[in-house]
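Have the model open as you read.

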Amino acid sequence: MAVGLGTGVPWVMCKEEDAPDPVINTCNGFYCDAFSPNKPYKPTIWTEAWSGWFNEFGGPLHQRPVQDLAFAVARFIQKGGSFVNYYMYHGGTNFGRTAGGPFITTSYDYDAPIDEYGLVRQPKYGHLKELHRSIKLCERALVSADPIVSSLGSFQQAHVYSSEAGDCAAFLSNYDTKSSARVTFNNMHYNLPPWSISILPDCRNVVFNTAKVGVQTAHMEMLPTNAEMLSWESYDEDISSLDDSSTFTTFGLLEQINVTRDASDYLWYITRIDIGSSESFLRGGELPTLILQTTGHAVHVFINGQLTGSAFGTREYRRFTHTEKVNLHAGTNTIALLSVAVGLPNVGGHFETWNTGILGPVALHGLDQGKWDLSWQRWTYKVGLKGEAMNLVSPNGISSVDWIQGSLAAQRQQPLTWHKTYFNAPEGDEPLALDMEGMGKGQVWINGQSIGRYWTAYANGNCQGCSYSGTYRPPKCQLGCGQPTQRWYHVPRSWLKPTQNLLVVFEELGGDPSRISLVQRSMTSVCADVFEYHPNIKNWHIESYGKTEELHRPKVHLRCGPGHSISSIKFASYGTPLGTCGSFQQGPCHAPDSYAIVEKRCIGRQRCAVTISNTNFAQDPCPNVLKRLTVEAVCAPITS
């Protein structure tokens with residue numbers, strides 16, 4: 001059918017080894033150098049080079065070091081790969097209820113070179129840009145021939161491309177995850193860091209090494225804005241009217257998405273039970289236990305209108321069993337279970353068959369009669385919340401209920417509560433986010449537009465550091481353990497009016513809306529750490545023209561965000577400094593003029609460059625030692 005549309009361009013199918021001609025089968029993954037298409041005449045295409053990984057509520061954040069990503073791309077190109085497409089190159093936001101998974105966060109930042117807020121993530125963006133530039137310099141040789149591969153050592157190889165016109169490009173690779181290698185290629189010596197590839201567009205000069213990052217690292221922070229939230233008002237979701245005309249009743253437990261048709265994340269399962277006055281637990285005996293099994297994704301238990309317990313699955317274990325003691329009274333008791341979906345399934349074998357909701361069994365244990373299975377009782381179903389039906393989130397629907405003033409609402413952090421306030425748009429043009437740290441779980445809207453689901457689930461994981469070398473997998477480089485998986489929620493400025501923006505929050509568990517604030521994302525500092533012999537793209541072709549040129553010395557380049565300039569130099573050392581960005585220290589060798597020279601070049605400017613050479617720093621602070629220039633600079637708004 002696809003081919004029959006006659007589009008005039010080839011079709012590709014990723015992860016489909018038996019794609020029939022003329023469709024081209026392609027690769028998705030962290031690495032695709034081992035991939036070959038199913039016919040020799042098809043180009044080798046990498047449709048998804050994974051720049052990071054998605055996050056799930058309750059899990060840590062995932063980071064993929066750019067040295068490894070650049071290494072993966074260089075491995076693919078050196079082997080003869082034709083095309084690379086990054087997934088994601090620009091992170092994004094799953095607004096509304098579009099986050100899938102289930103359990104995928106509203107943020108889909110993905111540690112991408114351009115982040116969720118549209119800002120450049122350094123060093124990832126800059127290092128990849130230099131990689132692409134270096135590959136582009138090899139273009140004529142790359143498209144003229146297949147590579148000739150030779151061994152340079154037990155874990156080292158050379159891939160050489162040469163054309164009849166005399167073009168020559170080489171990729172020198174070191175697959176050793178622990179040790180650097182000194183290799184000989186074309187009678188020249190080259191040092192290759194662990195797990196890296198050097199690119200030589202003329203088969204002589206190294207213009208790029210995947211493990212040597214020469215671009216700055218930018219530190220981003222969420223800073224307060226001048227946007228004040230005006231007084232908060234609240235409205236309790238009405239759970240007394242669960243019998244209205246929008247309900248239906250049947251025997252047994254139903255699958256949630258079949259009932260809601262995804263019109264809402266919420267589905268009520270309600271049943272009534274009669275408890276005889278002679279039950280032992282009514283006379284001081286042990287309370288009965290409610291045990292329910294659900295296929296996901298979260299459930300809140302209400303006994304006679306009171307929230308008595310909540311339970312949540314995870315992306316790995318969507319199904320779970322919830323057990324709690326329940327305090328029933330003699331006569332008729334209402335058990336209302338609010339089942340909550342956290343995104344539709346979107347990947348996995350036959351995911352259309354995955355169930356959501358409470359499919360049972362649901363049973364009471366510990367009554368005088370023993371176990372009472374409620375699964376095939378009469379159950380009443382209600383799709384969604386009263387507040388959703390009344391469209392409380394929109395500026396038009398807001399007046400359809402009586403709201404309680406904030407001071408009263410704050411004292412009684414109720415579950416299933418709607419909160420609203422107004423705020424004015426903050427000045428400036430930095431990207432904005434809502435800080436939801438004081439809240440539990442729910443959804444949030446601005447001017448009737450859904451920002452998405454929020455959930456301050458704390459991240460479980462292993463955040464024990466991260467080395468770029470060795471095969472990358474998502475568990476490898478984790479961040480944010482012990483913090484909420486997602487604290488900040490992106491607010492597009494285009495959704496805001498200058499004044500009187502309506503913010504509505506629906507809170508399932510009971511949080512403190514007075515702690516919600518609007519913050520802005522800003523680059524607060526930049527670091528660079530570059531060796532004196534860092535590969536430089538300007539140095540290639542030097543000997544091609546028969547005249548010796550001045551060797552272009554590498555430079556440290558620093559750049560603050562728009563409207564910001566370098567206000568101070570927090571650290572500067574030409575020599576052998578120690579530490580990492582944010583915690584640099586002087587080492588045994590240090591040029592005394594380091595601070596003065598960097599300050600003179602950079603203070604008051606949005607961007608600056610400092611050459612790494614002995615002459616620039618007036619001396620060689622330690623002869624015969626490999627030196628580097630390390631700088632940390634503070635960025636501040638330019639005041640008019």
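Cys602 and Cys608 are linked by a disulfide, with their sulfur atoms 2.1 Å apart. Keep in mind that this is a predicted model. The torsion about that S-S bond is about 85°, so the Cys602 and Cys608 link is right-handed. Both Cys602 and Cys608 are buried. In total, the structure holds eight disulfides.

Another one joins Cys527 to Cys581, S to S 2.1 Å, and with 70° about the S-S bond it is right-handed too. Cys527 sits in strand 35 and Cys581 in the loop between strand 37 (564-575) and helix 7 (594-602), so this pair ties together parts that are 54 residues apart in sequence.

Cys589 is in the loop between strand 37 and helix 7, and Cys622 is in the loop between strand 38 and strand 39 (628-637), so the pair ties together parts 33 residues apart in sequence. Cys589 is buried at 6% relative accessibility, and Cys622 is buried at 11%.

What about Cys138? Its sulfur is 8.4 Å from the closest cysteine sulfur, that of Cys203, which is too far for a bond. At 1% relative accessibility, Cys138 counts as buried.

## The second largest pocket

This pocket has a volume of about 1300 Å³. Of the 44 residues lining the pocket, Gln122, Val215, His557, Arg559 and Arg607 are the closest to its centre. By class, the lining has 17 nonpolar, 15 polar and twelve charged residues.

Which elements each supply at least two residues of the lining? They are helix 2 (124-137), strand 14 (208-209), strand 35 (517-531), strand 36 (555-559) and strand 38 (607-611). Helix 2 gives the most, with five residues.

## Around Asp274

Asp274 is in strand 18 (residues 266-275). Is Asp274 buried or exposed? It counts as exposed, because its relative accessibility is 54% and the cut-off for exposed is over 50%.

Setting aside neighbours within four places in sequence, Asp274 is in contact with Gly331, Thr332 and Trp372. With Thr332 there is a polar contact between the two side chains, at 2.6 Å. Gly511, by contrast, is 34 Å from Asp274, C-alpha to C-alpha, and 237 residues away in sequence.

Conventions: Residues numbered from 1 in each chain as written. Predicted model: local features only at pLDDT ≥ 70, side-chain atom pairs only at ≥ 80, totals over all residues. Heavy atoms only, no water. 1 Å grid on protein atoms, 1.4 Å probe; cavity = no way out; pocket = protein on both sides within 12 Å on 5 of 7 lines; lining within 4 Å. Points joined across faces, edges and corners; volume = space filled by probe spheres on them. Helix = DSSP H or I, 4+ residues; strand = E, 2+ residues; numbered from the N terminus. Nonpolar A, V, L, I, M, F, W, Y, C, P; charged D, E, K, R; others polar. Buried < 20%, exposed > 50% of the residue type's maximum accessible area, 1.4 Å probe, protein only. Contact = heavy atoms within 4.5 Å. Polar contact = N/O pair within 3.5 Å; in protein donor to acceptor, adjacent residues only side chain to side chain. Disulfide = S-S within 2.5 Å.
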